[in-house]
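Please take a moment with the sequence and the structure below before reading on.

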Amino acid sequence: YIMCNRENKEVVEDFFRENDFFGIREQDVLFFTQGDFPMCDKHGKFLLSEKHQIAMNPNGNGGLFRGLIEEGMVSDMKSRGVTCIFVCSIDNVLAKVGDPMFMGFCESCKAEAGVKTMEKVLPEEQYGIFCSQVYRDVFEDVDGDGKLDSVSKVKASILEFFELPEELKKRRKQAGSGGMPLELNCGNLSQYFFKVDFVKRVAQSRWKKYHLIPKSVPYIDVKLGHKVEPPKDEKNGRRMEMFVFDAFQSCRSVVALQVPRTEYAVVKNVSGKDSPPTAVQALGNLHQGWIIHAGGHFLDAQVAGESEDLKCEISPLVSYDGEDLTGQFPKALSLPFYLPSQMEFTEFSAASAPQARRPSTHYLDWQSDIARHELEVELHAQLGTVLELMEDPSKYDYVGERADEDEVLPTPREEGKLKRGGADAAAHAAGAAAERVTTKGATTGDGEGEQDKDLTKLEGPPRPPTETDKTTMAEEKRKAYWGKKEEKEGAGMVSAR
């Protein structure tokens with residue numbers, strides 16, 4: 001499930017389609033759109049992007065919950081038996097998508113929400129902070145006397161770096177073992193765990209928290225009537241956004257899992273810190289570490305880097321977290337190095353491994369007979385009766401849920417076409433309706449044959465009735481059509497005789 005905004009959804013869908021959805025079935029990749037919020041100036045007045053048109057901006061990653069509901073994604077999750085989801089941003093190259101350890105940790109804690117964190121070392125590092133926040137003067141009936149009592153509550157929260165006072169950013173713990181770490185040192189990795197039921201509850205909640213983020217925004221001067229392009233360093237506008245972690249306020253239980261800093265390499269700038277070159281270098285260092293840990297070594301003690309001749313990468317189809325690499329590198333390697341799987345085109349690799357690999361159950365040696373045999377034994381041992389169910393579909397008992405009557409279903413994606421909104425969609429719908437009316441009005445005595453042509457799309461002759469089957473409209477049409485066909489065939493045989 002990929003959340004886009006209205007401006008880039010078409011581009012993202014085209015990118016996935018051009019790359020054949022990266023080996024995933026097209027029907028298993030769903031795109032949905034987040035909402036928009038108006039933009040205002042420093043004084044709270046709305047800005048105009050064009051004449052009679054208010055400037056709009058995506059409503060932030062906090063629009064995830066309402067987008068999942070309104071676009072029918074939650075209904076699709078229920079139909080697939082999904083009970084919890086993993087959410088991550090797209091700017092972290094080293095993010096472990098669907099991290100099984102993190103998901104299992106949250107499930108074992110019976111939490112409604114979870115977040116992955118890493119240690120923040122320097123005060124100037126621009127990470128949000130996971131912490132406990134005290135809310136005073138919360139009115140609830142605590143003693144059950146029917147009257148609201150003023151109480152204080154402590155809830156899990158995440159504060160962005162620009163929302164923290166400088167004094168809190170620099171505050172350190174007292175000296176002890178391990179030096180003096182920062183007091184607020186749980187940096188947010190922007191990777192979350194949510195229960196699907198919790199997503200529905202948050203989307204229906206009326207409580208919302210908005211964050212005003214300064215931004216340079218072109219606008220229409222209402223007095224002069226022309227467009228103004230402010231300098232980039234002048235933050236004349238404010239964009240309203242919701243953050244996904246604001247949902248923690250409505251959560252009964254939130255947990256956090258701290259992981260090493262090796263899982264963090266973001267791309268936020270074109271060059272310099274947190275840029276594509278630094279992300280490539282971090283990925284190369286990580287994968288080179290996997291190879292060395294698996295027993296491999298590099299000629300002349302080469303170290304992976306960001307340049308083309310020092311790149312080091314292992315395909316994610318080969319290893320998810322450095323597993324299954326032991327014994328694959330009996331000879332010394334040289335940079336650049338790329339380890340592809342048998343499912344990829346090796347001619348596009350930066351370099352090829354200079355050794356023959358041992359028989360393996362992995363993608364590295366998928367074609368060998370012993371690999372297939374070992375894989376079959378392993379699958380039977382680990383999957384149990386799942387393979388039997390795959391061989392005999394009649395044994396398969398579907399465990400998903402049906403959508404509720406008030407839930408929206410996902411809109412099917414047309415083949416080779418992109419869904420468009422606004423006036424284009426309205427015009428297309430009106431044209432389709434007019435075409436249906438014209439077709440219906442032009443029906444003549446041959447309409448019966450046209451109806452027969454549509455009925456041929458029904459799969460096969462009428463099925464034999466059973467005690468449990470219920471008569472449906474499609475079944476009635478199927479019976480009428482195939483009965484008519486048998487009469488025509490009988491008449492043809494008589495005339496032939």
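**A side chain in a loop**

In this model, which is predicted, the backbone nitrogen of L94 lies 3.2 Å from a polar atom of the side chain of N92. The side chain of N92 also has a polar atom 3.0 Å from the backbone oxygen of E263, and N92 itself sits in the loop between β7 and α4. Is N92 buried or exposed? Its relative accessibility is 8%, and N92 therefore counts as buried, given that the cut-off for buried is under 20%. Once its neighbours within four places in sequence are left aside, the residues in contact with N92 are L189, Q191, E263, Y264, A265 and V266.

**The helix after the loop**

At the N-terminal end, α4 is capped by D99, which has a side-chain oxygen 3.2 Å from the backbone nitrogen of M101. After α4 comes K110, a residue whose phi is positive, near 55 degrees.

**An enclosed space**

Rolling a probe the size of a water molecule over the atoms shows where empty space is left. In this structure there is one cavity of 30 Å³ or more, and the volume of the largest cavity is about 180 Å³. Its lining is formed by 15 residues, of which G62, F65, V202, W207 and K208 are the closest to its centre. Two helices, α2 (64–70) and α6 (196–204), each supply at least two residues of this lining. Sorted by class, the lining consists of seven nonpolar, four polar and four charged residues.

**The chain as a whole**

These details belong to a chain with twelve helices and 18 strands. Of its 497 residues, 32% are buried, N92 being one that counts as buried. Among contacts between residues at least 6 apart in sequence, 66% join residues at least 24 apart.

Methods. Residues numbered from 1 in each chain as written. Predicted model: local features only at pLDDT ≥ 70, side-chain atom pairs only at ≥ 80, totals over all residues. Heavy atoms only, no water. 1 Å grid on protein atoms, 1.4 Å probe; cavity = no way out; pocket = protein on both sides within 12 Å on 5 of 7 lines; lining within 4 Å. Points joined across faces, edges and corners; volume = space filled by probe spheres on them. Helix = DSSP H or I, 4+ residues; strand = E, 2+ residues; numbered from the N terminus. Nonpolar A, V, L, I, M, F, W, Y, C, P; charged D, E, K, R; others polar. Polar contact = N/O pair within 3.5 Å; in protein donor to acceptor, adjacent residues only side chain to side chain. Buried < 20%, exposed > 50% of the residue type's maximum accessible area, 1.4 Å probe, protein only. Contact = heavy atoms within 4.5 Å.
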